[in-house]
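Subject: Handover of a structure and notes on its features

Dear colleague,

Please find below the structure that I am handing over to you. I would be grateful if you kept it open while reading the notes that come after it.

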Amino acid sequence: MKIQKRNWMVCFFVCGMILLSSCQKEEREFIDPNTDNTIPRDSQLAKLMKNVVIHDGSFDDIIDQGNCFSINLPYSVVLNKEVFTITKLDDYASILVSDVVEIQFPIRITLADHTERAVANDAELKTFTKDCMANDDDIECIDFKYPILLSTFDSVTNQLKTLEVNHDAQMFEFMSNVKNTVSVSINYPIDLLLHNGQSIDAQHNSELLSAITEVSNACDENDN
């Protein structure tokens, strides 16, 4: 009786190991680093995806002169000697290059990496402006339409996870901090929005790469 019980235990253990090995094999097959669906961290596609989700700070350049950050709404300025509160993006259309504008501090700004900073005066603001480059990496001509599902597999922990991304800031943080041991793939199809309002879809990595590269230089700063 003891021998029979021991045999059952051995059989149970062996079956368990086979099942575990099978599951791990399925996980690796699901997000195999050698497949076309996987996005290597230093690949062209990974870099372009990160550039797409950089915070675009060019829409308020008429106020802050800095294309790599934007001033958080709402805030007030003295516009031609009258106080004017900017509460929405459409308010910038009423400001002309010839207008005399004075920002009412303190304000908060959002940087290219989506982090926020408090700015107490004009001198502090100019330090951020000096850090902006004439030609930044921001790709403004195409945007992701959320949510987007990402699958990840960690080769060290053998953990398979699914992450739902709902905003550019979340995508930027993920693409910036993903570990070298983690393989990433997109759960296709996904939708993209072009600067002219047209919506397109991508079914796999090559289509996504093609869509981004084709329009990466199709619009200038302040295009939406």
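The notes below go through the disulfide, the sheets, a helix with its packing, an aromatic pair and one histidine. Please bear in mind throughout that this is a predicted model.

The disulfide

A search of the whole structure finds one disulfide. The bond is formed by Cys68 and Cys132, with an S to S distance of 1.9 Å. Cys68 sits in the loop between helix H3 (61-64) and strand E1 (69-71), while Cys132 sits in the loop between helix H4 (122-130) and strand E7 (142-144), so the pair ties together parts that are 64 residues apart in sequence. The disulfide is left-handed, because the torsion about the S-S bond of Cys68 and Cys132 is about -75 degrees. Both Cys68 and Cys132 are buried.

The sheet E1-E5-E6

Three strands make up an open sheet in the order E1-E5-E6, and their pairing is antiparallel. At its edges are E1 and strand E6 (116-119), each of which pairs on one side only. On average, neighbouring strands of this sheet are turned by 30 degrees against each other, direction ignored. Strand E5 (residues 107-111) and E6 run antiparallel and are joined by four bridges. Ile109 has Arg117 in E6 as its bridge partner. Helix H4 packs on this sheet and touches E1, E5 and E6, and the direction of H4 makes about 140 degrees with that of E6.

The sheet E7-E11-E12

Another open sheet of three strands has the order E7-E11-E12, again with antiparallel pairing. E7 and E12 stand at the edges with a single partner strand each, so one side of each is left without a neighbour in the sheet. Three bridges pair E7 with E11 in the antiparallel sense, and Phe144 stands opposite Leu192 in E11.

Which residues of helix H2 (residues 44-52) are buried? They are Leu45, Ala46, Leu48, Met49, Asn51 and Val52. As a general point, an α-helix has 3.6 residues a turn, so residues three or four places apart point the same way. The buried residues of H2 pack against E7, helix H5 (168-177), strand E10 (182-186) and helix H6 (205-215).

An aromatic pair

The structure holds three aromatic pairs. One of them is formed by Phe59 and Tyr92 and is edge-to-face, at 6.0 Å centre to centre and with 70 degrees between the planes. This pair links distant parts of the chain: Phe59 belongs to the loop between H2 and H3, and Tyr92 to the loop between strand E3 (82-86) and strand E4 (101-103), 33 residues apart.

The histidine

His195 lies in the loop between strand E11 (190-194) and strand E12 (199-202). With a relative accessible area of 28%, His195 is partly exposed. The C-alpha atoms of His195 and Cys141 are separated by 4.8 Å, although the two residues are 54 residues apart along the chain.

With kind regards

Technical notes:
Residues numbered from 1 in each chain as written. Predicted model: local features only at pLDDT ≥ 70, side-chain atom pairs only at ≥ 80, totals over all residues. Heavy atoms only, no water. Disulfide = S-S within 2.5 Å. Helix = DSSP H or I, 4+ residues; strand = E, 2+ residues; numbered from the N terminus. Buried < 20%, exposed > 50% of the residue type's maximum accessible area, 1.4 Å probe, protein only. Contact = heavy atoms within 4.5 Å. Pairing = 2+ DSSP bridges. Phe/Tyr/Trp six-rings, centres within 6.5 Å; stacked < 30°, edge-to-face > 60°. Axes fitted to C-alpha atoms, helices over the stretch in contact; angles between N-to-C directions.
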